[in-house]
Amino acid sequence: MASVETSSSRPYHIIIFGGSGFTGQYVVEEVARTVSEGPSGTLRWAVAGRSKAKLEKVLEQAAGALSKPELRTVDIIVSDVKEPDSLAAMCKQAVIVLNCVGPYRFYGEPVVKACVENGAHCLDISGEPQFLEGMQLNYHSEAAKKGVYIVGSCGFDSIPADMGVLYTRDQFRGTLTAVESFLTASAGPEGASVHDGTWQSAIYAAANGASLRSLRRKFKYQPLPVVGAKIKRRNCSSALFYSNEVQQYAVPFMVTDPSVVKRTQRFLAEEQQESPVQYGAYVGVGGVGNIIKMLVAGMMFMLLTKFNFGCNLLIKYPEFFSFGLFTKAGPTKSQDASFQFAFYGEGYTEGKDPSQGKPDGKIRTLVQGPEAVYVATPIAMVQAALTILNEPNVLPRTGGVYTPGAAFGKTTLIDRLHKHGIQFSVK
């Protein structure tokens, strides 16, 4: 069972590292809203980062926004990702560290290392497969020995997708063998925008695709067994296709979700002898105008990420190269955006043999939520942390580096998310 108790030497249930960053400030507000959900109705927490002055400002803003003057007295820990001793001192005081400092490719590993060495569980909101899988390769065994849980991608990447597949499986009466997800998003009157931290992660991922392939070979994985009919790719001749499911054009969803879901399914197959579910991920891109923008932006993106100077241009001018979608300012609360994942599953109903014939059952589920970055991601991250604190007895039997689905598949995380505005339903 995971150690989740505070003590005189480890006084905080949660420390938010990077609390003054773009996402970190929203995580601070979300933790402040949920203090009554901590163990025994009280959550002990602190914020950490390089600048005490910036953290004080974040707490002051949160106190005003939430009408909680007591936030001005929340403890502050000065810690720098480039100073290992300060990271160690921080981790020794926390049951769980919520790491909001990215890009994780550059700044994530020192935090994971410090958490493992000093007995603190660690959650992050990374959408970077190379970082996530690298941490599994390098730290899983040591984390298991220490009883420490390292759970990556605990934000919009990739809790809705990973837990959505598990939810669809659990609602299907029989053996679910394949799921396709379709992401659509709506924007408020100000339109949609995404913080350029996500843009940078995509740039580095595209520029280092060969490194990721080399990393994956080190695991020496055997192919996952295909149960039932093999899932068909939708983009046989072109990346773009018209989706009847979402009534708009769609493309493969080239983010971390597919890799996270596959890692979860591998864990379930190898560690719990469960039947793995095949997964395909797509995103709706709207009408003709959006398609033209996407094709132009996509061609420039793929060309420029082949060269260092091109990557630098993309990083310097995110608004220009993304037609305004990615900005250094990021979204504002007044944008009032939302997202929806529609999951279409198929499989074999109860009493049917998955090795015989074609699938005879289908299911459709939805995961719906508010704006992905400043609302859904903090909710997902904080509820994942509270799940560890309140349900340690249903986590995997040993510590280690896990995906959300592997860590929380037997917990009530979906119910917790549902109560906080990320809703799961069967259609």
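## A helix across a sheet, and a pocket

Helix H7 (residues 159–171) lies across S7, S11, strand S13 (338–349), strand S14 (361–370) and S16, and runs at about 35° to S13. This is a predicted model, where local features need pLDDT of at least 70, side-chain atom pairs count only at pLDDT 80 or more, and totals for chains, interfaces and linings use all residues. Residues are numbered from 1 along each chain as its sequence is written, and side-chain values use heavy atoms, with hydrogens and water left out.

**Reading the labels**

- Helices (H or I, at least four residues) and strands (E, at least two) are DSSP runs, numbered from the N terminus.
- Angles run from 0 to 180 degrees between N-to-C directions, using axes fitted to C-alpha atoms, for helices over the stretch in contact; contact means heavy atoms within 4.5 Å.

**The sheet**

- Seven strands make an open sheet with mixed pairing, in the order S9-S10-S11-S7-S13-S14-S16; two strands pair if DSSP finds at least two bridges between them.
- At the edges sit strand S9 (241–243) and strand S16 (423–426), each pairing on one side only.
- From one strand to the next, the twist averages 30°.
- S7 (residues 174–186) and S11 (residues 278–286) pair in the parallel sense over six bridges, and Ala-178 has Gln-278 in S11 as its bridge partner.

**The second largest pocket**

- This pocket holds about 710 Å³ of space. A pocket is an open set of points on a 1 Å grid over the protein atoms alone, where a 1.4 Å probe fits, with protein on both sides within 12 Å along at least five of seven lines; lining residues have an atom within 4 Å of a point.
- Its lining has 23 residues, and Gln-136, Tyr-221, Arg-263, Arg-266 and Phe-267 lie nearest the centre.
- Helix H6 (129–146), helix H10 (257–271) and strand S15 (400–402) each give two or more residues to that lining, with H10 giving the most, eight.

- The peptide bond from Gly-102 to Pro-103 is cis, with omega near 0°, and Pro-103 sits in the loop between strand S4 (94–99) and helix H4 (104–107).
- Another cis peptide bond joins Asp-157 and Ser-158, with omega about 5°; Ser-158 is in the loop between strand S6 (149–151) and H7.
- Gln-247 isn't a glycine, yet its phi is positive, near 55°. Gln-247 is in the loop between S9 and strand S10 (248–252).
- Gln-273, also not a glycine, has a positive phi of about 55° and is found in the loop between H10 and S11.

Definitions and conventions
Grid points are joined across faces, edges and corners, and a volume is the space filled by probe spheres set on the points.
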